[in-house]
Amino acid sequence: MRLNRHPLNPIFLPDPTSTWENYNVFNPAVIIHDGLFHMFYRAQGLDWISRIGYAFSQDGVHWNRSKEPLLSPSGPHDARGLEDPRVSEIDGQFYMAYTAYASEYYGEGMPSHFGGGVFPMIATSSNLLTWKTLGPIVSGEDNKDHLLFPRKINGRYVAFHRRPPNIWLAESEDMRTWPEKRMRPLFGPRPDNGWDSKRVGSGGVPIETEEGWLVLYHGYNPDHVYRLGVCLLDLDNPEKVINRPKECIFEPKELWELRGDVPNVVFSCANPVHEGTVFVYYGAADHVIGLATVDLQELLDFAKNSH
Ligand code: BMA
């Protein structure tokens with residue numbers, strides 16, 4: 001199984017003339033809507049605070065970016081940044097899952113980064129440009145890598161989230177309350193010293209196919225190398241893992257994936273499908289943005305058949 005790196009990689013770089021995105025741009029959400037690719041990317045200036053930038057593209061490769069950030073910290077709950085957006089469209093409305101990285105002494109969130117709490121937030125928009133925050137899925141714990149499935153399942157909204165080191169599922173009737181009784185682990189690291197033996201977390205929004213939900217996810221090993229894997233979940237009951245191939249599908253190889261702000265990282269929050277091709281956007285070494293593509297059917301066959 002092979003993802004093909006785009007020849008123009010890295011396709012999106014920090015802007016050295018900016019104050020807020022001159023250091024790192026990475027881990028973008030990308031959604032295709034009305035014939036355009038819309039990118040929401042995590043950007044850092046020298047203050048190392050993450051803001052969400054916006055860019056659009058006709059081909060998914062060449063981008064026009066906004067001069068100003070789309071979303072910036074607005075209070076103590078996200079004073080140290082908004083990280084790792086994932087955007088879903090559900091019934092014509094858009095939802096962004098992002099991690100709010102709180103100020104040093106705010107809230108009961110367990111510090112997953114030194115000194116700060118994190119909150120798995122959801123915001124909503126009808127036009128992709130103005131966003132309203134609804135709130136966190138949970139609070140008071142180290143929890144991120146959440147996203148929303150692109151449609152309701154059995155009448156409820158469904159989300160991934162991450163209680164380390166496992167990926168979890170959650171359900172909600174209204175997108176605001178996510179009852180504990182409807183949360184359950186999906187899967188965790190594999191105890192084999194392999195590529196996903198330490199921690200796993202979600203990738204981009206799951207792709208609906210006739211065979212099941214095609215899910216890309218990230219994992220890392222004791223050497224802290226971030227790679228991508230794939231699995232297939234049951235359409236009506238995503239708690240049921242139909243297959244989870246052992247082999248990873250993508251790993252750091254290029255110099256700009258091996259060296260950057262954090263070495264040896266490919267980390268994806270977006271895998272939109274365009275004309276039968278999966279566009280996997282990824283943060284490389286927490287510094288630049290890369291694109292790798294794969295034929296949807298080929299990826300699905302691998303997810304279904306490889307053990
Ligand atoms: C994870 C997330 C990502 C980041 C990755 C590698 O925990 O915080 O934002 O890309 O680590 O540093």
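**View 1. The lining of the second largest pocket is made up of 13 nonpolar, 3 polar and 3 charged residues.** Here Ala, Val, Leu, Ile, Met, Phe, Trp, Tyr, Cys and Pro count as nonpolar, Asp, Glu, Lys and Arg as charged, and the others, Gly among them, as polar. This is a predicted model, in which local features need pLDDT of at least 70 and side-chain atom pairs count only at pLDDT 80 or more, while totals for chains, interfaces and linings use all residues. Residues are numbered from 1 along each chain as its sequence is written, and side-chain values use heavy atoms, with hydrogens and water left out. The second largest pocket has a volume of about 280 Å³. Of its 19 lining residues, Val30, Ile31, Val87, Val205 and Pro272 are the closest to the centre. Strands E2 (24–33), E6 (82–90), E16 (207–209) and E20 (266–270) each give two or more residues to this lining. A pocket is an open set of points on a 1 Å grid over the protein atoms alone, where a 1.4 Å probe fits, with protein on both sides within 12 Å along at least five of seven lines; lining residues have an atom within 4 Å of a point. The volume is the space filled by probe spheres set on the points, and strands are DSSP runs (E, at least two residues), numbered from the N terminus.

View 2. Look for polar side-chain atoms facing ligand oxygen atoms: Arg42 at 2.7 Å, Lys144 at 3.0 Å and Tyr226 at 3.1 Å. The protein covers 86% of the 310 Å² of accessible area that the ligand has on its own (Shrake-Rupley method, 1.4 Å probe).

**View 3. Phe250 and Tyr282 form an edge-to-face aromatic pair.** Their ring centres are 4.9 Å apart, with 70° between the planes. Rings of Phe, Tyr and Trp (its six-membered ring) pair if their centres lie within 6.5 Å, and planes over 60 degrees apart count as edge-to-face. Phe250 lies in the loop between strand E19 (241–243) and helix H1 (255–258) and Tyr282 in strand E22 (residues 277–284), so the pair ties together parts 32 residues apart in sequence. A helix is a DSSP run of H or I with at least four residues.

**View 4. A cis peptide bond joins Asn9 and Pro10.** Its omega is about -10°, and Pro10 sits in the loop between strand E1 (4–5) and E2.

Note on methods: Polar contact = N/O pair within 3.5 Å; in protein donor to acceptor, adjacent residues only side chain to side chain. Phe/Tyr/Trp six-rings, centres within 6.5 Å; stacked < 30°, edge-to-face > 60°.
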